[in-house]
Protein chains: 2
Amino acid sequence: MIKATIITIGDEILIGQIVDTNSVSIAKHLNRAGITVVEKLSIGDDAPKIEQTLARAHAQSEVVIITGGLGPTKDDITKHTLARIFHSSMLEDKAVAEHVRTMLEKRGIKFNELNRSQALVPDCCTVLFNHHGTAPGMWFEDEDGGVTVSLPGVPFEMEHLMEDEVMPRLKSHFSLHANVHRTMITSGLPESMLAERIEKWEDALPDGVKLAYLPAPNVVRLRLSAYDQEDGEATRARIDELFKQLYDIIPGHIVGYEDASIQALIHDLLIERGQTLAVAESCTGGEIASRFTAMAGASAYFLCGIVAYANEAKVSILGVDAADIERYGAVSEQVARQMAEGARRLSGADYAIATTGIAGPSGGSAEKPVGTVWMAVASPTETVAVMRASGTDRGQIVNRASAYAIELLYKQLTRK
Amino acid sequence: MIKATIITIGDEILIGQIVDTNSVSIAKHLNRAGITVVEKLSIGDDAPKIEQTLARAHAQSEVVIITGGLGPTKDDITKHTLARIFHSSMLEDKAVAEHVRTMLEKRGIKFNELNRSQALVPDCCTVLFNHHGTAPGMWFEDEDGGVTVSLPGVPFEMEHLMEDEVMPRLKSHFSLHANVHRTMITSGLPESMLAERIEKWEDALPDGVKLAYLPAPNVVRLRLSAYDQEDGEATRARIDELFKQLYDIIPGHIVGYEDASIQALIHDLLIERGQTLAVAESCTGGEIASRFTAMAGASAYFLCGIVAYANEAKVSILGVDAADIERYGAVSEQVARQMAEGARRLSGADYAIATTGIAGPSGGSAEKPVGTVWMAVASPTETVAVMRASGTDRGQIVNRASAYAIELLYKQLTRK
């Protein structure tokens with residue numbers, strides 16, 4: 001098994017100022033190629049800590065990928081630390097220097113000493129040319145065949161270098177086997193009941209196939225993983241077979257495969273059926289529209305979304321009855337229903353989702369506390385509405401209400 | 001200085017199946033209280049690796065926070081590993097057992113053996129009662145005063161336990177100093193030019209005050225950090241003074257403080273001025289509306305958003321001229337302008353943002369490749385429009401186009 005450690009560098013990660021998504025993307029790349037990530041870690045811009053961590057990473061894994069700390073400024077120290085570790089001196093890479101100069105001049109930026117320093121690289125490394133930014137990637141090999149790769153922390157640049165430079169080299173450097181992960185999405189059984197129902201099946205799983213439970217609101221994902229498989233295709237087939245057995249054990253609770261979200265299942269269904277969707281959102285503020293339009297091909301069915309935040313917008317655009325807002329409140333079954341029906345009418349869509357709720361932190365009352373959300377789905381035959389209490393934190397309320405509303409549509413679409 | 005290590009457990013993190021946001025939130029909590037996170041790491045559901053990592057974390061830091069692996073199923077092994085490390089046997093916590101039973105029965109779930117196991121805790125720990133879920137938190141102290149805390153991996157439950165149980169205990173257990181971080185947002189100077197301009201100021205920073213550059217599209221954040229300060233207020237004042245000096249060095253390039261995004265600056269401006277906003281989105285699909293409505297208080301100015309994905313919606317809801325869509329294409333200056341003006345007219349808002357572009361992966365042409373986005377801002381006095389090429393990946397195009405369009409509004413709002 002070829003193992004990897006991913007190291008992300010930057011004080012901004014340790015103080016919680018940014019969310020580290022680089023390591024997620026790198027982990028995906030490595031896994032797909034059959035390299036097993038044994039640890040991911042983040043440390044500060046601190047030379048002794050970087051050195052010590054690289055040594056430990058190297059001792060536990062054949063591949064070490066390190067991102068960040070390659071900028072032109074004084075807080076960027078990764079490159080010099082790597083040079084020290086590999087007993088290497090720094091030299092200017094002519095191609096990189098020329099690229100940096102051209103890139104900056106195009107943007108009307110003067111090429112200065114700091115930019116020139118970006119073209120300095122340890123002389124023992126292979127430069128991974130960064131077409132999309134000024135900091136080059138670097139590839140180091142040591143005598144025992146281990147590989148250390150240093151990449152810039154800008155997600156877009158890191159991503160291109162991983163895809164175009166790092167992965168092809170790793171695949172030719174190592175003889176890799178396959179890591180197989182298959183995920184099944186279940187719905188309607190909480191984790192403990194699901195575990196009880198599938199206990200015998202779980203106990204009979206073959207050696208080397210590992211089961212993980214990934215619970216989320218309303219769904220539990222079951223992932224089967226098998227690492228370092230010589231014949232990946234055979235393992236995939238074996239895992240498909242195991243999943244088929246599950247169908248007989250928990251019929252009616254399996255809603256999809258892989259990382260497909262409920263919106264992805266809806267996406268496929270609507271395209272398959274040639275039907276269309278519109279959305280009318282109040283408290284979810286565009287989140288539901290975003291989730292659908294984030295998927296390539298959404299324009300085949302997604303006609304429009306209305307974020308009717310102000311009551312006037314609910315009335316003038318969606319045709320909600322102003323008297324009903326007055327009588328029942330904007331957060332009410334009546335208004336949710338009229339929003340969904342209004343969105344359907346306005347767009348001509350087959351289905352429409354609506355949400356109206358109190359995302360907080362203010363605006364709640366004893367009767368309708370923060371987190372109260374009414375959601376409705378209008379379909380060709382009927383309109384359904386439900387109320388859910390979706391938590392206390394604004395972001396959480398928006399997320400959960402979006403998930404519930406999308407699930408409500410899914411239920412309508414798959415009703416027998 | 002009190003140091004901390006954050007450990008998140010779960011194979012799903014190592015294969016890149018989920019983004020670890022728990023450690024971000026924990027890092028924020030610790031930092032605010034003056035505890036310095038020296039390392040954050042993620043490892044798999046593997047007992048020897050957990051033991052070995054806990055030992056290392058303990059050697060380098062007084063506080064170790066570990067999340068995940070506390071569920072009722074077989075892949076959850078954190079609790080038993082902790083019991084082994086602390087030479088502790090497991091006993092049933094009556095209050096937790098009762099809570100789990102009540103919680104499940106309310107949801108119509110049968111209390112089974114697996115759930116009962118959730119009430120088992122190592123006998124040497126202090127139970128941190130989880131009002132929002134079934135897995136309790138656990139607090140361990142060792143002879144030398146070090147603290148290890150185990151928390152469930154469900155973000156919402158973890159968050160409540162950190163806030164209500166862990167932070168108050170840490171504050172009383174340790175004598176804590178302050179970590180001071182202040183961030184200034186600059187715009188219009190790329191990182192290397194900024195560094196050159198402020199070099200003297202940077203070199204003269206007092207000992208213990210560290211500068212970090214955080215570049216992002218169109219802005220560079222400058223963060224000054226001072227750790228473990230006995231008098232936090234005095235340090236804050238000193239850093240404010242240092243930032244004031246920057247004003248004289250780079251006048252006109254400072255757009256805000258702290259983690260304020262451009263949308264947060266607009267949020268404040270519009271509320272202060274009593275003005276309103278509407279949004280008309282095509283390719284950004286609700287992302288711009290989401291960014292504004294994610295902020296508490298957005299309802300004071302955010303009137304509505306229209307996600308006019310289909311051309312018919314652009315025409316029928318926003319009043320875009322169908323002949324212009326035919327003549328210039330949906331992705332054109334003319335359509336972007338008409339969308340912005342239509343949203344303003346429809347909602348009565350003072351300002352409106354519009355986007356129309358090709359998010360890909362298909363739909364591009366030689367003349368308008370994937371990533372081409374037209375954006376417009378309509379204001380009381382004029383409508384401006386610009387075209388940007390925003391990358392190649394769908395998610396990136398949506399994010400960048402949203403950022404550019406929001407920045408265009410900010411420029412209009414702050415024009416002298």
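Let's begin with one residue: B:Ser225 is buried, because its relative accessible area is 3%. Buried here means under 20% relative accessible area, exposed means over 50%, and partly exposed is in between, using a 1.4 Å probe and protein chains only.

Hello everyone, and a quick word on what we are looking at. This is a predicted model, where local features need pLDDT of at least 70, side-chain atom pairs count only at pLDDT 80 or more, and totals for chains, interfaces and linings use all residues. Residues are numbered from 1 along each chain as its sequence is written, chains are lettered from A and ligands numbered from 1 in the order in which they are written, and side-chain values use heavy atoms, with hydrogens and water left out.

Back to our serine. You will find B:Ser225 in strand β11 of chain B, residues 219–229. Helices (H or I, at least four residues) and strands (E, at least two) are DSSP runs, numbered from the N terminus. Which side chains does B:Ser225 join through polar contacts? One is B:His181, at 2.7 Å, and another is B:Arg223, at 2.9 Å. A polar contact is a pair of N or O atoms within 3.5 Å; within protein, one must be able to donate a hydrogen and the other to accept it, and residues adjacent in sequence count only if both atoms are side-chain atoms. If we set aside neighbours within four places in sequence, B:Ser225 also has contacts that include B:Val180, B:Gly208 and B:Lys210. Contact means heavy atoms within 4.5 Å.

Now let's go to B:Arg182, in strand β9 of chain B, residues 178–187. Is B:Arg182 buried or exposed? With a relative accessible area of 17%, B:Arg182 is buried. Its side chain and that of B:Asp240 are joined by a polar contact of 2.6 Å. Beyond four places in sequence, B:Arg182 touches several residues, among them B:Arg223, B:Phe243 and B:Tyr257.

Staying in chain B, look at strand β7, residues 137–141. Four of the five residues of β7(B) are buried, leaving the strand mostly covered. On one hand, β7(B) runs antiparallel to strand β6 (residues 126–128) of chain B, with three bridges joining them. Two strands pair if DSSP finds at least two bridges between them. B:Trp139 is the bridge partner of B:Thr126. On the other hand, β7(B) pairs with strand β8 (residues 147–151) of chain B, again antiparallel, over four bridges. There, B:Phe140 stands opposite B:Thr148. The hairpin of β7(B) and β8(B) has five residues between the strands, and B:Gly145 takes a positive phi near 90° in it.

Speaking of phi, here is some background. Most residues other than glycine have a negative phi, and most peptide bonds are trans. Now two residues of chain A to look up. A:His87 is not a glycine, yet has a positive phi of about 50°. A:His87 sits in the loop between α4 (78–85) and β4 (90–92) of chain A and is exposed, with a relative accessible area of 76%. A:Asp228 has a positive phi near 55°; this residue is in strand β11 of chain A, residues 219–229, and counts as partly exposed at 24% relative accessibility.

What kind of peptide bond joins A:Gly360 and A:Pro361? A cis one, with omega about 5°. A:Pro361 is in the loop between β15 (351–357) and β16 (372–378) of chain A. In chain B, a cis peptide bond joins B:Gly360 and B:Pro361, with omega about 5°.

How do the two chains fit together? A rotation of 180°, with 0.0 Å of shift along its axis, superposes chain A on chain B with an RMSD of 0.1 Å. The two copies are therefore related as by a two-fold rotation axis. Copies are superposed by least squares on the C-alpha atoms of residues with pLDDT of at least 70 in both. Because 99% of the interface residues of chain A are also interface residues in chain B, the copies meet through the same surface.

One last stop is helix α16 of chain A, residues 394–414. At 1.5 Å a residue, its 21 residues should span 30 Å, and the end C-alpha atoms are 30 Å apart, which agrees. The expected span is 1.5 Å times one less than the number of residues. Of those 21 residues, 15 are buried, so α16(A) is largely enclosed by the rest of the structure.
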